[in-house]
Amino acid sequence: MDRLVPPYPSAHFDATHPKVGGACGSFARSARTRIVAKIEDVKTALVLSAGGMFGAYQAGVWKALQPVFRPDVVIGCSVGSINGWAVASGISGDELIRIWLDPRCATLMTPRAPWRPWRAIFDASPLQQMVQELAATYTPQVPFALAVTRLPHLRLEIVQTPNVTWRHMVASCAVPVAYPPVRIDGHLYCDGGLLSVMPVWAAQRFGVDRAIAVNVLPSMPLSAIRAAVRMVRFLAPREPQVTGVEVLGLGPQRLLGKLHDAIAWDAGNTQRWIDRGHADAEALVHSPQFAALFAASSGRFV
């Protein structure tokens, strides 16, 4: 693996073929996957991970990438599906950052009162409202796909435009216990990052040759959560590793914060993560790995 150490010691990016190392190394370990549709003639992709409020980092990354990178397809899961929908719609980096800095984000993870053990912890209504507004305001201009986990089979599924609805985005964010699962066409779906926080495994299925993968969740924030996720992934069907996609991975080497930070919006934290994502992506854009990986992608960069 070729590794460039950028001037930001808490971030990393790796260019490998055919898989991503470091924080993205486990992207291919996933459940048996059903592909809803096929994208033709796709060459480059932007892939966005799960990560709760840490997703603000991705907004900073997009501000740096937007002037130079035009993905042919955007793939996301969980919070990455929300950012991904906006990016695929041609949103500017500054506009995406404004959305993240809106104080209304503080309502997205509002505990139910009173909470009962058989109910989800958070009220899904604010999330549903925000996603509906996003879907009504923005329309993807390039193919967009998101990952969801179908219950009870624990099977990863990919849904792409024009079949993606606001319900699919909410389902992709529906972390078990935190949010209730979402019923779509008679089936229950939950968090698309439950089995694989980085849906790079989907890139080859969409004809992608090369991709930038932004992973804001290099590990789970608590040992208990890590143990529970490992158990779920152990029980779920597995898929062989995907090959044939050159991937440039970008993200923090360590967690951006504690569990509380990932679920509670804070203006100061959000701005810091945006700034960090922007700085890390700027370093990536000026790296030899970026130039080498996308040298053959004429017309994709401006």
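I began with Ser-172, which lies in helix 5 (residues 166–173); helices here are DSSP runs of H or I with at least four residues, strands are runs of E with at least two, and both are numbered from the N terminus. I note that this is a predicted model, in which local features need pLDDT of at least 70 and side-chain atom pairs count only at pLDDT 80 or more, while totals for chains, interfaces and linings use all residues. Residues are numbered from 1 along each chain as its sequence is written, and side-chain values use heavy atoms, with hydrogens and water left out.

Is Ser-172 buried or exposed? I found Ser-172 buried, with a relative accessible area of 0%, where buried means under 20% relative accessible area, exposed over 50%, and partly exposed in between (1.4 Å probe, protein chains only). Leaving aside residues up to four places away in sequence, I listed the contacts of Ser-172 (heavy atoms within 4.5 Å), and they include Cys-77, Ser-78, Ser-81, Cys-190 and Asp-191.

I then followed Ser-78, which sits in the loop between strand 5 (73–77) and helix 2. Ser-78 has a positive phi of about 55° although it is not a glycine, and Ser-78 is buried at a relative accessible area of 6%. For context, most residues other than glycine have a negative phi, and most peptide bonds are trans.

Next I checked helix 2 (residues 79–88), where ten of the ten residues are buried, so this helix is largely enclosed by the rest of the structure. Among its buried residues are Ser-81, Asn-83, Trp-85 and Val-87. Just after helix 2, Gly-90 takes a positive phi of about 85°.

Which residues have the most contacts inside the largest nonpolar core? I recorded Leu-46, Leu-65 and Ile-212, in a core of 90 residues; such a core is a set of buried Ala, Val, Leu, Ile, Met, Phe, Trp, Tyr and Cys residues joined through side-chain atoms within 4.5 Å. Helix 1 (residues 56–65) gives the largest share of this core, seven residues. Leu-46 touches Trp-62, Leu-65, Val-87 and Ile-212, among others, when residues up to four places away in sequence are not counted.

I also examined a helix pair: the axes of helix 3 (residues 93–101) and helix 8 (residues 267–285) come within 10 Å and cross at roughly 155°. The axes are lines fitted to C-alpha atoms over the stretch in contact, and angles run from 0 to 180 degrees between N-to-C directions. Helix 3 and helix 8 are therefore roughly antiparallel to each other, a label for angles over 145 degrees, with under 35 roughly parallel, 65 to 115 roughly perpendicular and the rest oblique. At this crossing, Ile-97, Trp-100 and Leu-101 in helix 3 meet Ala-267, Thr-270, Gln-271 and Ile-274 in helix 8.

Finally I returned to the backbone. A cis peptide bond joins Leu-151 and Pro-152, with omega about 0°, and Pro-152 is in the loop between strand 6 (144–151) and strand 7 (155–160). A cis peptide bond also joins Thr-161 and Pro-162, with omega about 10°, and Pro-162 is placed in the loop between strand 7 and helix 5. Val-177, in the loop between helix 5 and strand 8 (182–184), has a positive phi of about 80° although it is not a glycine, and at 57% relative accessibility Val-177 counts as exposed.
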